[in-house]
Amino acid sequence: MKIKEYQYKGSEWVFDRVLFKEINLLVGDSGAGKTRILNTIFNLGTSVAQGIAFGDSEWELSLDVNGDEYK
């Protein structure tokens, strides 16, 4: 499974659409939000897997699973 695209909008943070390729590296100044992006992806996955609502937020995630795309 590969994450192809990710977009998030919450009460505190907004991340524009991020396109992931074969190899990815998050680069930016200290405090730019690299860890926040990773944390929202992790928290989203954990919440969905447990059937828990993911707070007051909007998100879009595109996945590739064995050649099939899911949004």
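Author: Gladly. Let us begin with a term: buried means under 20% relative accessible area, exposed over 50%, and partly exposed in between, using a 1.4 Å probe and protein chains only. At 39% relative accessibility, R17 counts as partly exposed. Of the 71 residues of the protein chain, 23% are buried.

Reader: What should I know about the model itself?

Author: This is a predicted model, where local features need pLDDT of at least 70 and side-chain atom pairs count only at pLDDT 80 or more, while totals for chains, interfaces and linings use all residues. Residues are numbered from 1 along each chain as its sequence is written, and side-chain values use heavy atoms, leaving out hydrogens and water.

Reader: In what order do the elements of the protein chain run?

Author: Helices (H or I, at least four residues) and strands (E, at least two) are DSSP runs, numbered from the N terminus. Here the order is β-β-α-β-β.

Reader: How do I read a salt bridge?

Author: Side chains of opposite charge can pair when their charged atoms come close. The cut-off is a side-chain nitrogen of Lys or Arg within 4 Å of a carboxyl oxygen of Asp or Glu. The whole structure has 5 salt bridges.

Reader: Which residues does R17 pair with?

Author: One partner is E5, at 2.9 Å from N to O. R17 lies in strand β2 (residues 14-19) and E5 in strand β1, so this pair ties together parts 12 residues apart in sequence. Another partner is E60, with the closest N and O atoms 3.2 Å apart. E60 sits in strand β3 (residues 57-65), 43 residues from R17. Together, E5, R17, E60 and K71 are linked in a network of salt bridges.
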